[in-house]
Amino acid sequence: MALTATHLLDDFSLEMTGKDVSKLREAAYAIPAGTRINVTFLGNEDLSMRVDAAKTVTELGFVPVPHISARRLKSETELKEFLDALQQAGATKHIFVIGGDPSTPEGPYADSLSVIRTGILQNYGVEEVGIGGYPEGHPDISDDELWAHLVAKISALSDQGLDQIVVSQFAFDADRVGAWVKEVRDHGADSVIRIGTPGPAGIKRLLGYARRFGVGTSAGIAKKYGFSLANLVGTAGPDRFVNSLALHTADSETPASLKLHFYTFGGLLATAVWAEKFSAGQ
């Protein structure tokens, strides 16, 4: 079966921060039961905030995917305490391990591969590990290093008997993302790929996040995503991106192999409502 835009939205996932619990409760009615919801591991959050968010995800009938930020961990003890707390909350089956923002590690883990190679994860009920991907590159890491680490993480997880998925940084260029998906497959990843997609948000906010994460230029984003730089007070949704991505991957991916992961920027309800309307319109 050829992949379509509607298929991309089947079983989409969402992202929230530890501070978004009230927003999740507000949006819960519009989010399909069983939806995966990633819970971030940011510097302005603490362990209890992250665990409480994961608990809320479970209580509302969704699937928690807690993040582990390698360079934010101060010790192996902190990693174990976090995993233990998550396990007690029933939130360790699916996790996502990322390097994280700090340029200098705050503890013993320089990158996500270092955490994976500890062999600790499965001791706390972890069955599937999400790993990051960067369709438009990383501002501080070379492409060769990104690919080498992706292959190493896939190998390490396979050796430990852990399932894996690839979750990408958000992108605006569907042409580039389509090519990147093929490159991921060429590097030996046969797992589900979740394409990071900005939820509907103010144009200024989208451009701000894009600059922060080194994703394209303002002019390039406007051209590919379909909004005008002359009207920065407006809101942009991912309609054009999703339709274009479906066209670029229709012949190479199946409905089960490629999904969308929405970076909601706090707009959980707006993203869920957009997804429902977009699917209905298709």
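Let's start on strand S7 of this predicted model: Ile193, Ile195 and Thr197 point one way from the strand, Arg194, Gly196 and Pro198 point the other way, and all are buried. In a regular strand, side chains alternate between the two faces of the sheet. With six of its six residues buried, S7 is largely enclosed by the rest of the structure.

What lies on either side of S7 along the barrel? Eight strands close up in the order S1-S2-S3-S4-S5-S6-S7-S10, with parallel pairing, and the twist averages 30° from one strand to the next. Strand S6 (residues 163–168) pairs with S7 (residues 193–198) in the parallel sense over two bridges. Here valine 166 has isoleucine 193 as its bridge partner, while valine 167 stands opposite arginine 194. S7 also pairs with strand S10 (residues 258–263), again in the parallel sense, over six bridges. Isoleucine 193 turns up here too, standing opposite leucine 258 in S10.

Now follow the chain from S6 to S7: the path goes through helix H7, and this β-α-β crossover is right-handed. Helix H7 (residues 174–186) meets helix H10 (residues 239–249), their axes coming within 9 Å and crossing at roughly 35°. That crossing is right-handed. On the H7 side the contact is made by Ala174, Asp175, Val177 and Gly178, and on the H10 side by Phe241, Ser244, Leu245, His248 and Thr249. Sorted by class, these are four nonpolar, four polar and one charged residues.

Notes:
Residues are numbered from 1 along each chain as its sequence is written. This is a predicted model: local features need pLDDT of at least 70, side-chain atom pairs count only at pLDDT 80 or more; totals for chains, interfaces and linings use all residues. Side-chain values use heavy atoms; hydrogens and water are left out. Axes are lines fitted to C-alpha atoms, for helices over the stretch in contact, and angles run from 0 to 180 degrees between N-to-C directions. Helices (H or I, at least four residues) and strands (E, at least two) are DSSP runs, numbered from the N terminus. A crossing is left-handed if the near helix is turned anticlockwise from the far one by less than a right angle, and right-handed if clockwise. Contact means heavy atoms within 4.5 Å. Ala, Val, Leu, Ile, Met, Phe, Trp, Tyr, Cys and Pro count as nonpolar, Asp, Glu, Lys and Arg as charged, and the others, Gly among them, as polar. Two strands pair if DSSP finds at least two bridges between them. Buried means under 20% relative accessible area, exposed over 50%, partly exposed in between (1.4 Å probe, protein chains only). A crossover is right-handed if, with the strands pointing away from the viewer, the path from the first strand over the helix to the second runs clockwise.
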